Every structure is written in C-alpha cells, then in structure tokens.
Amino acid sequence: APPPPTDAEYEDTPHNNIRKITARRLTESKRDVPHYYLSMECSLEELMRLRTSINDTLEKEHKISVNDFIIKATAKACMEVPQANSAWFDEYVRTYARADVSMAVSTDKGLITPIIFNADGKPLSQIAAEAKDLATRARANKLKPEEFQGGTFTVSNLGMFGIKHFTAIINPPQACILAIGGAEKKVVAAGNGTFKEVAVMTVTLSSDHRVLDGAVGSQWLKAFKKYIETPALMLIDLIAGTSLQHSHLKWRAFPPVAPTSWSVSHLVPGGLVGLLLTSTNASPACIQVISFARPQRSSFNEITNLYICVAARGPLTA
C-alpha cells in the first residue's frame, strides 16, 4: 500500500505494558500453537428461567448474570473432561485438579484475564460477586499480578456486543479458550408436528491440538452444553456434604420425614450427578429443595426448584 500523504492528520499512541505483553503472547500463540475450532449451539431456555427465579429473590447488587452461569458450566465441564483443563509444556502436559477460570475483560489499556480460582467448587453467588469485583478492578487497573497471571481455562464473551459467533486465540500455556456468542431466537421442532421459538447461543472452543484431539474437545463441549441446558445440575453441589439438620435449606418431604434423620453427601453414580441420603427412616421420600442460603452470606438465596426422588439408604439421580 502506498504511504499516507505527509499532510494527513494522525496520532501515535505509545504501547503500554499490557498491550505489549498481549501482543507478544497472542502472536506467539497464533504462530506456534496448532489451533482447531469446534462450535456448538446451546439452548438458553432453562437457564434463563432459572436465572429469573434466582434474580427475583435478590437485591440488584447480588443478581446473577448469564456469564456467571457460563463460568460455572465451564468449570464443571473441566472437571468432567480434565484433558481440556491442561497446559502444554515442552516436556510434559500438565493436567490441573481444579478449574481456575480466566475471564477476558476489555479495558482502556488492553485485554486482561482475571481469574475465578477454584470455580468448580464455588456456588454461583460467590462466582458472581468475584466476577463483578475483578472486572471492576481490572478496568480501574487495580488488579494484583496473582489475580490475572495463571488460570487453567479462559472464557471470552462478546455476546453482549451483539456478536453471534467468533473464534478466540488460546492463552498459552492453557490448552483451551471458549468464545461465547450472543443469544438469538430460533424456531425448532417441538414434537408432534409443532414448533417453538427458543433462545440459542453459539459457543466455539479453540483447542491446542498438541494437548487434546478433536474427539476430546467434542466431549468437553457436550459436557458444557449439558450444564447450560440443564442448569440445575450446577446447583446440586450447593447442598453436597451438608446436614439438613444444620443447613439453611427450606424443604418438603413426602411422606414427612424428620430433618434430623437425614444427611446429604455427593456421589456420581454411573456418570450422573446425584446425591446420597442416609436415613433412619425406612420409607422412601421425595424432597423438593426450595432454597439454600450460605451461612456466611445469609442474605443470599439460590432458588433451585430441584425435585429429588429417593429411596431411604439408596442413591438417587436428579
């Protein structure tokens, strides 16, 4: 291209440190990492209904965003398919035991990726609070280095800008980054010759082919889609390991069972998320979990509307 006219008006903006580092790392990633891309559509119907139920009970500052659900679903999928929760090093592949989810945040100084540590083990309430705090401080350039250096998996969401689909560059040494597009309405078959309109978002997983093959990337996307389309599964761990006698659960049981006779623990029978209730009462019961309040933040309630049918001293699936 010919050089611009010498009298053209322009402004030179010196590179700041964030842009220098981002430019170097992403150039190295695009040049050296063998990217491949997998896309999948996810229905948001159940997630939006659950989010509305939760947010109807909350003050404005505690409301849950769709992105909070996405971070939680990402972390849960990383626990199911740990190969995606890995990093490439010259002599080995490191697979992490927990999901530290980096979230891409655009700032005046450039792109930065603050981290929700141990996102797989945190309830949505905590993820929402941390995500909001980290994004606010990132834009104010007040993050500590340990709050954005590291992470095991990255999420980049441009849906709020009206972007339907895009591919993202992997943040090395991580093996994957998930690109989130915005929701759009689509007409789908509803059975018996009928149709319905549903909200659908397109997500694209960029993966390092040195770390995981396409089949494994597909398994990860399938797990992610499961949590997005059945969001109650993301809330089961809220009551895992909790004694009904001492928890803040509001509950009903049919037939009535004394709460002192039940305890709750977590298990995964046959690959399905479930619970195990141990009871001194021999009769079966059906318990509807109405809400759960974290003791240290008793003002926060999460509505699960999760129906659990069990037999005494036996496993159950949601």
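1. Helices here are DSSP runs of H or I with at least four residues, strands are E runs of at least two, and both are numbered from the N terminus.

2. Please keep in mind that this is a predicted model, in which local features need pLDDT of at least 70, side-chain atom pairs count only at pLDDT 80 or more, and totals for chains, interfaces and linings use all residues. Residues are numbered from 1 along each chain as its sequence is written, and side-chain values use heavy atoms, leaving out hydrogens and water.

3. Next, have a look at Asp68, Phe69, Ile71 and Lys72 in H3, which meet Leu124, Ile127, Ala128 and Ala131 in H4 (contact means heavy atoms within 4.5 Å).

4. Thr74 also lies in helix H3. Thr74 counts as buried because its relative accessibility is 0%. Leaving out residues up to four places away in sequence, Thr74 touches Val101, Phe153, Val155, Leu178, Trp220 and Phe224.

5. Finally, Asn141 sits in the loop between helix H4 (124–139) and strand S8 (153–157). Beyond its neighbours within four places in sequence, Asn141 contacts Ile18 and Lys109. The C-alpha atoms of Asn141 and Lys109 are 8.4 Å apart, with the two residues 32 apart in sequence.

Definitions and conventions
Buried < 20%, exposed > 50% of the residue type's maximum accessible area, 1.4 Å probe, protein only.
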